[in-house]
Amino acid sequence: MSRYAPATRPTLYFIGVTTAKSSIMRVFPAWAAHLGLDDAEIRGIDFPLHAEPAAYREAVAFIKADPLSLGALVTTHKIDLYHACRDLFDEVDPHALFMGETSCLSKQGGRLVCHAKDPISSGLALDGFLPRHHFARTGAELFSIGAGGSTIALTWHMMRASRGPDRPSRIVVSNRSGPRLDEIRRIHAELASGVPVDYVLAPSPADNDAVVAALKPGSLVINATGLGKDAPGSPLTDAARFPENGIAWDLNYRGDLVFLDQALRLEAERNLQVEDGWTYFIHGWTQVIAEVFHIDIPTSGPSFEEISAIAARVAKG
């Protein structure tokens, strides 16, 4: 017998680790009213990091079979859930197929569709704060700490040939264990982008400090580990020296944001641009809501600004 109760209203699920703490639980009802989805609700489903495949399969099978369960946003478990449930998907979009992950489940004509929305949402967030032609002007590098789904998506975005010269001169990806590095290396090899990429096994924060210390001025350093939100701490030590004139981006917007605090302490000294994950949160959720409820949500302009303002008002008081 399933532990999940059938939905009584059109329902979007949030599959994560600590979903009750997310601002989306307050933001979604306000967005739903604004977007005309008045009867819709959101429910969280929490799993520990790297849960058993059977746990993912039970949740996805329930969503697939339940008529009013319309879809889900997946965070943290994007790669594990994809591999555990691949045979349950009736359709897999090209990004999800290529990257071997899912951040969104939706239904189309009764068919369960698996999507990878992160290449779109991370790209929108990145391009929203990067200075114009930043990499072309500076020759800077990109260091993403953590080799999970977010790093796969954002490096894909930055490596695309369509960016022309505005691509990092080098990309570095680190991870605490080897298998994730092997997987992202395979994906990058298929891209054949021409951008040099180094893969660093970094079991301790000091290993990441060493990478940061060797980066060129202006380089972008990203915390894509979940540390600070899904687990305590930072992938760097307090001794880390961010690159001069660089950019520090914490993909998290809530929790004990140690990485963000480390960057802010050096903001003036190193002339850093420091960004949190709030805009990434907005784009990530609106992309999924649009897909699951089959509505159009703009990604820029006055309508998007209104949606962002509603979220800030509700979540940040």
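Q: Before we start, what counts as a contact here?
A: Contact means heavy atoms within 4.5 Å. Keep in mind that this is a predicted model.

Q: Fine. What does Leu 130 touch, skipping residues up to four places away in sequence?
A: Leu 130 touches Phe 135, Met 158, Arg 163, Leu 220 and Ile 247.

Q: Which residues have the most contacts inside the largest nonpolar core?
A: They are Leu 126, Leu 130, Leu 220, Ile 222 and Trp 249. That core has 30 residues.

Q: Which elements give two or more residues to it?
A: Helices H5 (118-129), H7 and H8, plus strands E8, E9, E10 and E11. The largest share comes from H7, with 5 residues.

Q: What other core lies apart from that one?
A: One of 28 residues. Among them are Cys 104, Ile 289, Val 292 and Ala 311.

Q: Back to Leu 220. Which way do the E10 residues point?
A: Strand E10 covers residues 220-223. Leu 220 and Ile 222 point one way, Val 221 and Asn 223 the other. All are buried. In a regular strand the side chains alternate between the two faces of the sheet.

Q: What sheet is E10 in?
A: An open one of 6 strands, with parallel pairing. The order is E9-E8-E7-E10-E11-E12.

Q: Why is one side of E9 and of E12 left without a neighbour in the sheet?
A: E9 and E12 (273-275) stand at the edges, each with a single partner strand, so one side of each has no neighbour in the sheet. As for twist, it averages 15 degrees from one strand to the next.

Q: How many bridges join E7 to E10?
A: There are 4, and E7 (residues 142-145) runs parallel to E10. Ile 145 stands opposite Asn 223 there.

Q: And how many join E10 to E11?
A: Also 4, and those strands run parallel too. E11 covers residues 247-250. Leu 220 has Ile 247 as its bridge partner in E11. Asn 223 is partnered by Asp 250 in E11.

Q: Which strands does H10 lie across?
A: Helix H10 (residues 258-265) lies across E7, E10, E11 and E12. It runs at about 160 degrees to E11.

Q: And which ones does H8 lie across?
A: E8 and E9. H8 runs at about 170 degrees to E9.

Q: How far does H8 reach?
A: 20 Å from its first C-alpha to its last. H8 has 14 residues, 178-191. Its reach is close to the 20 Å expected at 1.5 Å a residue.

Q: Which H8 residues are buried?
A: Leu 181, Ile 184, Ile 187 and His 188. Seen down the axis of H8, they fall within an arc of 125 degrees, so they line one face of the helix.

Q: What covers those buried residues?
A: The cover includes helices H4 (94-99) and H7 (149-159), and strands E8 (171-175) and E9 (197-201). On the other side of H8, Pro 179 and Ala 189 are exposed.

Q: What follows H8?
A: Ala 192, whose phi is positive, near 45 degrees.

Q: Now H5. What span should its 12 residues have?
A: They should span 16 Å at 1.5 Å a residue. The end C-alpha atoms of H5 are 17 Å apart, which agrees.

Q: Which H5 residues are buried?
A: Asp 118, Pro 119, Ser 121, Ser 122, Gly 123, Ala 125, Leu 126 and Phe 129.

Q: New topic. What is the order of the sheet with mixed pairing?
A: E2-E1-E3-E5-E6-E4, an open sheet of 6 strands. Its edge strands are E2 (41-46) and E4 (91-92), and each pairs on one side only.

Q: Which helix packs on it?
A: Helix H2 (residues 53-65) does, touching E1 (11-16), E2, E3, E5 and E6 (111-115). The direction of H2 makes about 145 degrees with that of E3.

Q: How do E3 and E5 run, parallel or antiparallel?
A: Antiparallel. E3 (residues 69-74) and E5 (residues 104-108) are joined by 3 bridges. Ala 72 stands opposite Leu 105 in E5.

Q: Last one. Where does Ala 312 lie?
A: In helix H13, residues 301-316. Ala 312 is partly exposed, with a relative accessible area of 26%.

Note on methods:
Residues are numbered from 1 along each chain as its sequence is written. This is a predicted model: local features need pLDDT of at least 70, side-chain atom pairs count only at pLDDT 80 or more; totals for chains, interfaces and linings use all residues. Side-chain values use heavy atoms; hydrogens and water are left out. Two strands pair if DSSP finds at least two bridges between them. Axes are lines fitted to C-alpha atoms, for helices over the stretch in contact, and angles run from 0 to 180 degrees between N-to-C directions. Buried means under 20% relative accessible area, exposed over 50%, partly exposed in between (1.4 Å probe, protein chains only). The expected span of a helix is 1.5 Å times one less than its number of residues. The arc is that of the directions from the helix axis to the C-beta atoms. A nonpolar core is a set of buried Ala, Val, Leu, Ile, Met, Phe, Trp, Tyr and Cys residues joined through side-chain atoms within 4.5 Å.
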